[in-house]
Amino acid sequence: LWGSNVPVTRTPDAHWMAEARYRGQKVVVVAPDFNDAAKFADEWLAPHPGTDGALAMAMGHVILRERFVERPTPRFTEYARTYTDLPFLVTLDRRDGRFVPGKFLTASDLPGNTDEANPDWKPVFWPEGEDAPVAPNGTVGHRWGADGEGKWNLDLEGRVPELTFYAEGAEAAEIALPRFDTPDGTAEVDTRGVPVRRVGDRLVTTVFDLVLAQYGVSRPGLPGVWPDGYDDPGAACTPAWQEALTSVPADRAVRIAREFADTAEASGGRAMIVLGAGTNQWFHGENAYRAFLSLLLLTGCQGVNGG
């Protein structure tokens with residue numbers, strides 16, 4: 001329960017929460033105050049008001065490192081390939097002498113592409129075992145026109161999208177990622193490496209590789225400045241970093257993230273975040289929401305019955 005005081009603001013649903021507990025559901029309440037929802041809680045995490053996004057990012061850091069890099073979880077990987085934009089390609093643009101993430105690569109950017117309808121609205125991924133990107137079914141460009149008939153679906157037609165371009169000896173580029181957490185408000189950037197490929201005259205990487213860089217999840221051989229570990233307080237998105245902002249102990253953030261991922265794996269995605277408007281009363285609250293939703297997407301829970 002994250003920012004949702006169910007007994008008070010969703011009273012008709014409160015009995016479901018109680019009954020779920022009788023059936024063995026573990027309940028974690030994230031709220032700065034010990035409210036009526038916290039009475040349900042097996043665990044109560046009390047971040048400082050408005051800092052929930054930092055806690056969610058740190059939990060995402062743990063899940064990405066442990067469930068995608070160190071020990072990939074097959075169901076999470078399959079879900080990410082099928083139902084998220086993590087395999088899609090993003091161009092890297094030059095700005096002020098360094099690379100920054102740009103726009104999605106689309107079918108209109110592919111060399112020699114002349115027969116696609118609505119190509120500007122069809123992002124592409126790179127299928128395993130193939131030598132060029134393709135535009136899969138189900139993108140917004142398939143929504144209109146006769147060309148899209150029968151293709152407004154998620155059928156990958158046997159293709160397996162590559163989540164990452166990372167491999168031994170693969171080409172890499174350093175990108176500049178902004179951070180906004182400095183106490184005095186001065187602009188800073190993190191410079192981190194992502195594996196890349198070339199499409200025509202463009203340098204591209206996957207959304208997944210960009211997410212790992214943004215969350216500070218390192219992999220051997222990639223250039224840039226990376227966290228020393230979960231206990232590095234100076235690197236954005238680590239558990240120790242969030243502790244300094246939220247007051248939630250780093251080890252508790254790590255444990256809850258692991259338990260959430262374990263539950264999602266064991267149950268086939270039946271782990272849930274009951275999200276409330278309490279977390280959205282803050283500047284840039286929509287970005288905190290993205291951090292919460294990322295936890296569900298990385299563990300394959302969004303759109304799952306019971307998730």
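Guide: In this predicted model, a polar atom of the Asp232 side chain lies 3.0 Å from the backbone nitrogen of Asp228.

Visitor: Where is Asp232 placed, and which residues is Asp232 in contact with, leaving aside its neighbours within four places in sequence?

Guide: Asp232 sits in the loop that runs between helix H5 (207-214) and helix H6 (239-246), and, once the neighbours within four places in sequence are left aside, its contacts are Pro227, Thr238, Ala240 and Trp241.

Visitor: Is Asp232 buried or exposed, and how far away is the nearest side chain of opposite charge?

Guide: A salt bridge requires a side-chain nitrogen of Lys or Arg within 4 Å of a carboxyl oxygen of Asp or Glu. Asp232 is buried and has no salt bridge, since the nearest side chain of opposite charge, that of Arg192, is 7.6 Å away.

Visitor: Turning to the surface, which residues form a nonpolar patch?

Guide: The patch consists of Trp121, Val140 and Trp144, which together have about 380 Å² of accessible area. One of these residues, Trp144, belongs to the loop between strand E4 (98-104) and strand E5 (172-179), and Trp144 counts as exposed because its relative accessibility is 56%, where the cut-off for exposed is over 50%.

Visitor: What should I look for in the backbone angle phi, and which residues other than glycine have a positive value?

Guide: Asp96, in the loop between strand E3 (89-95) and E4, has a positive phi near 55°, and Asp96 is exposed, with a relative accessible area of 71%. Ser247, in the loop between H6 and helix H7 (250-267), has a positive phi near 80°, and Ser247 is partly exposed at 36% relative accessible area.

Technical notes
Residues are numbered from 1 along each chain as its sequence is written. This is a predicted model: local features need pLDDT of at least 70, side-chain atom pairs count only at pLDDT 80 or more; totals for chains, interfaces and linings use all residues. Side-chain values use heavy atoms; hydrogens and water are left out. Helices (H or I, at least four residues) and strands (E, at least two) are DSSP runs, numbered from the N terminus. Buried means under 20% relative accessible area, exposed over 50%, partly exposed in between (1.4 Å probe, protein chains only). Lys and Arg count as positive and Asp and Glu as negative; His and the chain ends are not counted. A polar contact is a pair of N or O atoms within 3.5 Å; within protein, one must be able to donate a hydrogen and the other to accept it, and residues adjacent in sequence count only if both atoms are side-chain atoms. Contact means heavy atoms within 4.5 Å. Patches are made of residues with over 30% relative accessible area and no salt bridge: like charges are joined within 9 Å, nonpolar side chains (Val, Leu, Ile, Met, Phe, Trp, Tyr) within 5 Å. Accessible areas come from the Shrake-Rupley method with a 1.4 Å probe; for residues, only the protein chains shown count as cover.
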